[in-house]
Amino acid sequence: MAVDVPGLVTVVVFYLVILVIGIWASRKSKKVEKTCVGSKSEVSIVGGRNINVLVGVFTMTATWVGGGYILGTAEAVYSPAQGLIWAVGPPAYFMNFLLGGLFFAKPMRSKRYVTMLDPFQHRYGNMFTTALLLPALAGDILWVACILAALGGTMSIILGLSSTISIIISAAVSIIYTFLGGLYSVAYTDIIQLSFIFISLWLCIPFLMLCPAVTDISQTAVFNQSTANSWIGELNLADAGKWTDEMLLLALGGLAYQSLHQRILSAASSTQAQITCFAAAGVVFVTGIPSVIIGAVAASADWNQTAYGLPPPFERGEAGKILPLALQYLTPTWVSVLGIGSVAAAVMSSMDSVLLSSASMFTQNIYKTTLRKQVCVCDRVCVCLVQHQAMQLHFYAPFPVSFCRPQSGSCSG
């Protein structure tokens, strides 16, 4: 497949905009460091506890709305074996933020912790904290590898660009601005990334629904003689335990994730931290709606009327790529480019948060307390190391996508 040059140029321009904003935010971070009363490391890790509600809502939501969330939700709705009822990502993340705001935001912020491991370190010491850090670090590396795979697959489908090249470029951009500005760069780039995700995916919806190869999704929502499957799906009593397990995995699992607490701890007050969580709960749910519609459209499409042909994606084992496939074959080229931009934005918004998350915990809870009192550039070095390990894992052990994505198709990130 030849490289789509106009599409590639569009993505490059988007990456440059993100990089410029990240560098601008890093300069803002340096100014805050000069006036910061506490430790300078707090500026990098929790933004000097001066992130306002609007920025906080954007960065908290963008961290969860990653490539896995967008692609996985569409996959679950499209898959004949699952359907909308198994797309547990949006409601689970809604619950996750509500619980975070109700039970964690106020006590964590009021005690001025820097990472989620601080309470354990204060109570149980350094050895126990190190033991807790290892699985968190492994999870972050797997997550980055997973979302990089999502980005590489999407770009190869729509732009015809090598997945390896696209992954390296995306990783380099996110490393540069995260390295320079810490949470300030991550938060301000998240504003642009989340806005682009939301606007571009919604712009794609009318073109998808008006495609001649697509049947009205209201007619395919239920089982009937003309449709072999329903995109609504069904939940049998025998599968209720599995459904509950996946819902609780996503709803409660995020409460033990540093990126959530990092946003809580960056708020100016406990009340502001709670408001950020509650507002983000609504935004993350709404942001999942376009993926649901895209999955329903793909399930209602006659793929034989498109250049993709038969058999359909599910029978070819490509259900995980259904979002980029739908954009590629059911919309005009320029619309599909918008779609790839949204996936790239989603991946970068999650990837930079994961990098900063692991680096923050290692720097604050291991390096600073055990090895050296001065943090220096340890957090920035950790950003590079985590990204490097995730890329190595993706390139040489291509299992993370299936490993990290629950069967419902609605994984984190």
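Visitor: Hi! How many aromatic pairs does a search of the whole structure find?

Guide: Hello! This is a predicted model, and a search of the whole structure turns up 14 aromatic pairs.

Visitor: Okay, so how far apart are the ring centres of Tyr 124 and Phe 128?

Guide: Their centres are 4.9 Å apart. The planes meet at 50°, so this pair is tilted.

Visitor: And is Phe 128 buried or partly exposed?

Guide: Phe 128 counts as partly exposed, because its relative accessibility is 37%.

Visitor: What about Trp 303 and Tyr 308, what kind of pair are they?

Guide: Those two are edge-to-face, because their planes stand at 65°. Their ring centres are 5.4 Å apart. Both Trp 303 and Tyr 308 are buried.

Visitor: Which residues do ring pairs link into a cluster?

Guide: Phe 14, Tyr 15 and Phe 196 are linked into a cluster by ring pairs.

Visitor: New topic: charges. How many salt bridges does the structure hold?

Guide: It holds 2 salt bridges. As background, side chains of opposite charge can pair when their charged atoms come close. In this model, one of the bridges joins the side chains of Glu 42 and Arg 49, at 3.5 Å from N to O. Glu 42 and Arg 49 are both buried.

Visitor: Which residue does Asp 190 form a salt bridge with?

Guide: Asp 190 forms a salt bridge with Arg 263, and their closest N and O atoms are 3.9 Å apart. This pair links distant parts of the chain: Asp 190 sits in helix H9 and Arg 263 in helix H11, 73 residues apart.

Visitor: Are those two buried or exposed?

Guide: Asp 190 counts as buried, at 0% relative accessibility. Arg 263 is buried as well, with a relative accessible area of 3%.

Visitor: You mentioned helix H11. Why is it largely enclosed by the rest of the structure?

Guide: Because 8 of the 8 residues of helix H11, which covers residues 258-265, are buried. Among them are His 261, Gln 262 and Arg 263.

Visitor: Let's go to the surface. Which residues form the nonpolar patch there?

Guide: Phe 94, Met 95, Phe 198, Ile 199, Trp 202, Leu 203, Phe 285, Val 286 and Ile 289 form that patch. Together they have about 720 Å² of accessible area. The elements that give two or more residues to the patch are helix H5 (89-110), helix H9 (183-209) and helix H12 (270-287).

Visitor: Which one gives the most?

Guide: H9 does, with 4 residues. Phe 198 has its place in helix H9, and it counts as partly exposed at 33% relative accessibility.

Visitor: And which residues form the positive surface patch?

Guide: Arg 27, Lys 28, Lys 31 and Lys 34 form it. Lys 28 is found in helix H1, residues 5-35, and counts as partly exposed at 30% relative accessibility.

Visitor: Then what is phi like for Arg 49?

Guide: Phi of Arg 49 is near 55°, a positive value in a residue other than glycine. Arg 49 is in the loop between helix H2 (41-46) and helix H3 (53-64), and counts as buried at 5% relative accessibility. Arg 112 also has a positive phi, of about 55°, although it is not a glycine.

Visitor: Where is Arg 112?

Guide: Arg 112 is in the loop between H5 and helix H6 (118-124). At 48% relative accessibility, Arg 112 counts as partly exposed.

Visitor: Last one: how far apart are the C-alpha atoms of Asn 126 and Thr 370?

Guide: They are separated by 7.4 Å, with the two residues 244 apart along the chain. Asn 126 is in helix H7, residues 126-158, and is partly exposed, with a relative accessible area of 31%.

Terms used: Residues are numbered from 1 along each chain as its sequence is written. This is a predicted model: local features need pLDDT of at least 70, side-chain atom pairs count only at pLDDT 80 or more; totals for chains, interfaces and linings use all residues. Side-chain values use heavy atoms; hydrogens and water are left out. Patches are made of residues with over 30% relative accessible area and no salt bridge: like charges are joined within 9 Å, nonpolar side chains (Val, Leu, Ile, Met, Phe, Trp, Tyr) within 5 Å. Accessible areas come from the Shrake-Rupley method with a 1.4 Å probe; for residues, only the protein chains shown count as cover. A salt bridge is a side-chain nitrogen of Lys or Arg within 4 Å of a carboxyl oxygen of Asp or Glu. Lys and Arg count as positive and Asp and Glu as negative; His and the chain ends are not counted. The place of a charge is taken as NZ of Lys, CZ of Arg, CG of Asp or CD of Glu. Buried means under 20% relative accessible area, exposed over 50%, partly exposed in between (1.4 Å probe, protein chains only). Rings of Phe, Tyr and Trp (its six-membered ring) pair if their centres lie within 6.5 Å; planes under 30 degrees apart count as stacked, over 60 as edge-to-face and the rest as tilted.
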